[in-house]
Amino acid sequence: MDSVSIHWITDLQSPYADSFKTVSYLIGTPVSSRLAWDRPRQYFVLDTVTGVDSISHRVNLVSVGSAAVNYISVDIFAADSAEFQMLNNQRGYFPLDNFSMNGGESIWIDLQFKPDLTKPYPERYANRYARLVVRYVSYATGEFIDTTMDLIGTWTKNRVEEKPTSHFTINPNPVTGNSITLELESREGGASEVSIFDLLGKTLYTQKVSNSDKLLTIPVPQLVAGTYILRVSYEKSVNSARFEILR
């Protein structure tokens with residue numbers, strides 16, 4: 001809080017010849033409390049060829065406000081939450097629940113993706129999705145607020161079953177135009193699907209395939225130069241191969 005006196009002088013006659021006015025103003029920093037993750041999503045990319053069955057990453061929870069945040073809890077939710085877990089955290093709490101953070105403070109959390117590989121095909125090597133959720137009490141309203149990070153488990157290679165009856169060919173490779181031709185040399189029974197992923201496991205293209213399809217033309221004008229993964233999913237197996245795009 002501060003104040004100042006201003007002396008106003010005019011050429012008017014009394015009582016308006018001059019005047020003193022006191023002005024007060026309040027100086028301060030607004031108090032706020034908010035938590036945020038250091039990234040909106042975290043990919044966990046496994047490679048079935050190497051035989052590694054789990055992978056872990058460290059993420060950070062940051063108190064970006066000026067006030068302390070209380071009654072914080074962190075947990076993993078959504079459909080595939082059982083295949084993600086918190087291995088460790090900076091506070092050493094298990095579960096990570098009912099704690100506080102000061103303004104500007106951050107803590108790290110180690111997350112692990114360990115997929116259930118006992119699932120049947122094609123679910124065994126399908127992408128997994130979950131959400132890391134922090135819940136806390138708002139300083140301003142007293143209400144609970146949820147802030148989430150998307151967790152995505154995927155694979156860079158999906159040569160789950162190498163079968164001579166499931167080969168396919170990508171032409172051209174590398175790709176310099178706006179489309180590729182996929183030649184399916186032979187087919188298995190059951191529905192199948194063709195998908196294109198980037199190296200982080202993000203799905204960029206998906207198309208259902210009938211048993212009568214032998215040649216497929218796939219448009220790729222939206223893909224920038226780089227390496228991609230094309231996957232053909234059958235009822236009982238999943239095959240994939242990499243291809244390059246040159247622009």
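This is a predicted model: local features need pLDDT of at least 70, side-chain atom pairs count only at pLDDT 80 or more; totals for chains, interfaces and linings use all residues.
**Serine 63**

Serine 63 belongs to strand β5, which covers residues 55-63. What does serine 63 touch, once residues up to four places away in sequence are set aside? I listed Arg34, Leu35, Val69, Met101, Asn102, Gly103, Gly104 and Glu105. With asparagine 102 I also looked at the distance: a polar atom of the serine 63 side chain lies 3.2 Å from the backbone oxygen of asparagine 102.

**The whole chain**

Then I stepped back. The protein chain has 18 strands and 0 helices. Out of its 247 residues, 37% count as buried. I also looked at contacts with a separation of 6 or more: 65% of these in the protein chain come from residues 24 or more positions apart.

How confident is the predictor? The average pLDDT of the protein chain is 83, and 78% of the residues score at least 70. I marked residues 158-166, where pLDDT stays under 50. The model has 29 contacts beyond four places in sequence for that stretch.

Next I traced an open sheet of 5 strands, with the order β4-β11-β10-β6-β8 and mixed pairing. Which strands stand at the edges? They are β4 (41-46) and β8 (97-101); each has a single partner strand, so one side of each is left without a neighbour in the sheet. On average, neighbouring strands of this sheet are turned by 25° against each other, direction ignored.

Inside this sheet I followed β10 (residues 128-137) and β11 (residues 144-155). The two run antiparallel and are joined by 10 bridges. Valine 137 is one residue I checked there, and it stands opposite phenylalanine 144 in β11.

**Aromatic rings**

I went looking for ring pairs and the count came to 7 aromatic pairs. One of them is tyrosine 93 with phenylalanine 99: the ring centres are 6.2 Å apart and the planes stand at 65°, so the pair is edge-to-face. Are these two residues buried or exposed? Tyrosine 93 is partly exposed at 35% relative accessibility, whereas phenylalanine 99 is buried at 2%.

I also found a cluster held together by ring pairs, made up of Phe44, Phe84, Phe113, Tyr125 and Trp155.

Which strands pair with β13? I noted β12 (residues 168-171), which runs antiparallel to β13 and is joined to it by 4 bridges. Leucine 182 in β13 is the bridge partner of isoleucine 170. I also noted β16 (residues 215-219), paired with β13 in the antiparallel sense over 5 bridges. There threonine 181 stands opposite threonine 217.

My last stop was an open sheet of 4 strands, in the order β15-β14-β17-β18, with antiparallel pairing. β15 (203-209) and β18 (238-245) are at its edges with a single partner strand each, so one side of each has no neighbour in the sheet. Neighbouring strands here are turned by 20° against each other on average, direction ignored.

Between β14 and β15 I found 6 bridges in the antiparallel sense. Glutamate 193 sits in β14 (residues 192-197), and its bridge partner in β15 is lysine 208. The side chains of glutamate 193 and lysine 208 make a polar contact as well, at 3.1 Å.

What else is glutamate 193 in contact with, leaving aside neighbours within four places in sequence? Besides Lys208, I wrote down Thr206, Gln207, Val209, Arg231, Val232 and Ser233. Serine 233 is 40 residues away from glutamate 193 in sequence, yet their C-alpha atoms are 5.2 Å apart. With a relative accessible area of 22%, glutamate 193 is partly exposed.

Terms used. Residues are numbered from 1 along each chain as its sequence is written. Side-chain values use heavy atoms; hydrogens and water are left out. A polar contact is a pair of N or O atoms within 3.5 Å; within protein, one must be able to donate a hydrogen and the other to accept it, and residues adjacent in sequence count only if both atoms are side-chain atoms. Contact means heavy atoms within 4.5 Å. Buried means under 20% relative accessible area, exposed over 50%, partly exposed in between (1.4 Å probe, protein chains only). Two strands pair if DSSP finds at least two bridges between them. Axes are lines fitted to C-alpha atoms, for helices over the stretch in contact, and angles run from 0 to 180 degrees between N-to-C directions. pLDDT is the predictor's confidence in each residue, from 0 to 100. Rings of Phe, Tyr and Trp (its six-membered ring) pair if their centres lie within 6.5 Å; planes under 30 degrees apart count as stacked, over 60 as edge-to-face and the rest as tilted.
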